[in-house]
Amino acid sequence: MSLRYALLGIISKQAVTGYDVVNIFKQQMIHFWGSTHSQIYTELHKMEKDQLIDHELVIQASSPNKKIYSITDSGRKELIRWAVEQPLKPAKIKDEFLIKTTIFPVLSDEEILSLLDEVIERETHTMDMTRKWKDHFKGQEDQDVGTLLTVEYGIRYAQMYVDWCIWAKGFIEEKRLLNK
């Protein structure tokens, strides 16, 4: 159900197309929530049926017609109700690499170190790209504090992941030296 509120939050800031919603979702929420294109569009249709959003159809001659979504008064009230009244659930981590970590005992040290290097490279790239996006966003006149906070979270999360991988590599190396 949180996808609904993430989408309502996006639409509450400005009227947007479904394409815009998907892109904003991927840019701003990638660090803490995952969803597919089809899940987003399915939820948009449900939200419209529930009268939380509505759309204006824009007829285009050279491109497919597009819907521009905006939040309704009842959608805004529901979003606020959810934010203020809905109890927070404990955060859940869903990370494929942590599953791989659980099978490290069946891998060689070289394979483990290679996997850790892969994650370091991935997270460093993510951190660099997120910092560039943050710098670009900070230069804009109309800054959204929620977006800035979540982007900073993404940067810090990636940094924590890199730091943990570096620590894990040291741990593996130390274990390797002790077993010689």
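Modeller: Start with a term: contact, or touching, means heavy atoms within 4.5 Å. This is a predicted model, in which local features need pLDDT of at least 70 and side-chain atom pairs count only at pLDDT 80 or more, while totals for chains, interfaces and linings use all residues. Residues are numbered from 1 along each chain as its sequence is written, and side-chain values use heavy atoms, with hydrogens and water left out.

Now the sheet. Three strands make up an open sheet, in the order S1-S3-S2, with antiparallel pairing. Strands here are DSSP E runs of at least two residues, helices are H or I runs of at least four, and both are numbered from the N terminus. Two strands pair if DSSP finds at least two bridges between them. S1 (16-17) and S2 (53-58) are the edge strands; each has a single partner strand, so one side of each has no neighbour in the sheet. H1 packs on this sheet and touches S1, S2 and S3. The direction of H1 makes about 95 degrees with that of S3. For such angles, axes are lines fitted to C-alpha atoms, for helices over the stretch in contact, and the angle runs from 0 to 180 degrees between N-to-C directions.

Next, the pairings. S2 and S3 (residues 66-71) are joined in the antiparallel sense over six bridges.

Now the helix side. Arg-4 sits in H1, which covers residues 2-13. Is Arg-4 buried or exposed? Arg-4 is buried, at 9% relative accessibility. Buried means under 20% relative accessible area, exposed means over 50%, and partly exposed lies in between (1.4 Å probe, protein chains only). Beyond its neighbours within four places in sequence, Arg-4 contacts Glu-43, Lys-46, Met-47, Asp-50 and Leu-52.

Met-47 belongs to helix H3. Met-47 is buried, with a relative accessible area of 0%. Setting aside residues up to four places away in sequence, Met-47 touches Arg-4, Leu-7, Leu-8, Ile-11, Leu-52 and Ile-53. Met-47 and Pro-64 are 17 residues apart along the chain, and their C-alpha atoms are separated by 22 Å.

Gln-51 is exposed, at 57% relative accessible area. Its backbone deserves a look. Most residues other than glycine have a negative phi. Gln-51 is not a glycine, yet has a positive phi of about 65 degrees.

H1, H2 (18-29) and H6 (109-138) each give two or more residues to the lining. By class, the lining has four nonpolar, seven polar and three charged residues. Gln-27 is in helix H2. Gln-27 is partly exposed, with a relative accessible area of 43%. Gln-27 and Thr-130 are 103 residues apart in sequence, but 8.9 Å apart in space, C-alpha to C-alpha.

For the classes, Ala, Val, Leu, Ile, Met, Phe, Trp, Tyr, Cys and Pro count as nonpolar, Asp, Glu, Lys and Arg as charged, and the others, Gly among them, as polar.
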